[in-house]
Amino acid sequence: MAVNAKTLNETEFFYGHKACAGCGGSLAVRIALKVLGENAVAVLPAGCMSAVGFNFPQLCFGNNAIISTFAGTASMLTGIEAGLRAQGITDFHAVGFAGDGGTADIGLQALSGAIDRNDDILYICYDNEAYMNTGIQKSSLTPFGAKTTTTPAGKNIRGNLRPKKNMFEIVAAHGIPYAATASVGYINDFMRKVEKAKQIKGTKYIHILAPCPTGWGIKTDDTIEIAKEVVDCGLWYLAEYENGEFKLNYKPEEFSSVGDYLKKQSRFRHLTDEDIKVIQSSRDAKWEFIHRNFK
Amino acid sequence: MAKRFLSGNEAFALGVRLARPQVISAYPITPQTIVVEKLSEYVEDGSLKAEFIHVESEHSALSCAMGASSVGARAFTATSSQGLLYMTECLPYAAGGRFPIVMMNANRSTALPWNIYGDQRDSVSQLDSGWIQAYAENAQEALDIALMSFYIAEHPIVSTPFMANLDGFVLTHTYEVADVPTIEQADEFLPPYRTKNKMSLSEPKNLAFSAGPESNTIFKLKEHLGVLNARTVISEAEQRFGKIFGRHYTGLTESYRTEDADYILITLGSISGLVREITDKLRAEGKKAGLLRIRYLRPFPNEEIAAAIRNAKAAAVLEKDISFGNEGTVYTNVNSALQKAGINIPTSDYIGGLGGKNISAEEIEGIFAELEEEKRTVKFLGTGGEESGSQCKNAQ
Amino acid sequence: MKPYLRDKIPAGFDEIPDTPSYEAGYLVTKNSGWRNVRPVIDTKKCIGCLNCYLYCPDGVIFRSNHKAAIDYDFCKGCGICKKICRIGAIKMEAEK
């Protein structure tokens, strides 16, 4: 039976943390740990979730958890998995929770190495689209047009000039046993994917979009709606990669307005109609690709 | 025990095999490669039961070793030079986490200019990282340190990572006869790793956390005490080792004919063999020469150095490193030890062997001759430049 | 195990552990002071669908007699529960 609100493990494993109110990343961590259960051994690199969860003596993980170096999420997971297995322990889940910068920038090499070795780990990227912990600086997963503290929106440059790095397909290109995209706006879909990853041997990667009210410029109670809307307007998608094939999990009948999605967030408020058209056409190109290549 | 003809790297790899590490993560770099090649062969042929992880960088090598150690597994890695520098972030991390990882470092010059040969600038630059640092003189000592390092690092009052240094090529690639202990003897010497500093399913923990200003100094003090505690544990390990294997070591330093020596040369690593020969030659000529070999740079042998030097007329340090803009770091440390002990004799510093440059017998004799002048100088050996006072003239 | 509040704040040389490792889920401070508004559940309206529980980033909503209830010690008042509730059983009230 699919895991849902009623069947989900009632124990909270990530509790009392100091994440900002309405934090999407903390919801992703919380839910994933509830699906994985008490034998999850979690690795969190320097970043939001370690900064809010590990301030001695306020320690907010009920399960085993450790902070890794910023670049070392995947390599530390590898060591934990190998170390436990070498001692004959097998009933655990080594899981990493890294942000977009920790995954797509500084941690990409170690992640690639782990997938290459097909280490039996689950790597979850909570993507809030910038270095939020250090004060909203651009990462390679910051979307085109977004204003961050290092991509200011001024007269000459209107925010970030580059599109989001395509982590899902980069990871899939390694021939990974399982990869998926998700959004905290569709939490049941995320739970199903974590549950599925839990059963698969080898490296698993889940990329979950997790809005940050502070960095995106939305109200704290808008996190879930905006995380739904980004999927509904087609700027993000819910998909899986397995056995060498891409599969789309959810196809909106008709896309909701990209402009409406963008204009709700202060990081995009400077965008012109022209900018929005550019974003819309890159969305359409992406979906053409999806229709051609995803089942 | 069996006698075998071994290179330093091979001897060290055999020592590591005897220690039964559970996880080995390593990335290749000259001149360390043979250690990890050998260990991968041992895993392949079944003579070592360990997880061998082919990491994609040195940063990941040590990060992976920390992961293994954080769940209570015995972990080993090896590196050199640029690789050591590439993993630099992980060095104080492993020490601060109190993960007793053992790492072999093949001492090699650091770029620029590029150079693959041996000097000790790589490891000496990491003295403040919180690791125990040992320097082997020969293949036998390399093998023995490999085995002893796990005992020392993992001891509960130490719980500190251990860097075992072997001079690149001169030691790592030079063949000598060494005794290889049996696995039964090794098992008698080294118990399995047991710790409370780990994540376990029955007793979940949060590890490697943040500690603010209120507690940070206490964590750092405890880390410092862990390294200092290695002093007594090294001596305990060596006594135990001597009983089982019949080979005896002398703690943080080894004194050679220092008791009545007027002039003492302090050095570390493989060059000590030649200095010992020169000492004997000078003694035969009636000159009161002595050698003090530093075996451990951390914990630093303050008391041992003071005790060995106390009655000398002058002392010099011969080292393969330089802290640019100051002097050799070993020299700085030695002078600190002497000053604290109230010993005020002239000391000099000789920087040699950089980038694998040969240090000749004549040069060592020259150092002893200059010692008789009882001056205080810092010199780069073999550069043709002369120097006096505390400043080096050769900089321009 | 759910992290919970402890009485003792380890301090000083003897109580601070020798290595940076400590019992999992050791809490010494609450988050209630962060809140300007608090969610209040109308238990008559609540149908126990648990959607609020599912989407709470802080995990402070739990099941109690087939309804949702809130741990106010750790609720930050983000308001996600109020928005997610399809039947309008949650109201945000100003903290006094």
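I worked from a predicted model, where local features need pLDDT of at least 70, side-chain atom pairs count only at pLDDT 80 or more, and totals for chains, interfaces and linings use all residues. Residues are numbered from 1 along each chain as its sequence is written, and chains are lettered from A and ligands numbered from 1 in the order in which they are written.

**Chain A against chain B.** I looked up the contact (C-beta atoms, placed from the backbone, within 7 Å) and found 36 residues from chain A and 37 residues from chain B. On the chain A side, strand S2 (54-56), strand S4 (64-68), helix H3 (73-86) and helix H5 (108-117) each supply at least two residues. Helices (H or I, at least four residues) and strands (E, at least two) are DSSP runs, numbered from the N terminus. H3(A) gives the largest share of that side, 11 residues.

**Strand pairing.** I then checked S4(A), which pairs with strand S9 (residues 205-207) of chain B in the parallel sense over 2 bridges; pairing requires at least two bridges found by DSSP. A:Ile66 stands opposite B:Leu207 in S9(B).

**Domains of chain B.** I noted domain 1 (2-245) and domain 2 (253-395) of chain B, with bounds from an automatic or database domain assignment. Their C-alpha centres lie 28 Å apart. The contact between them takes 27 residues from domain 1 of chain B and 20 residues from domain 2 of chain B. On the domain 1 side, the elements giving two or more residues include helix H6 (121-124) and helix H9 (213-245) of chain B. H9(B) gives the largest share of that side, 5 residues.

Conventions: Two residues are in contact if their C-beta atoms, placed from the backbone, lie within 7 Å.
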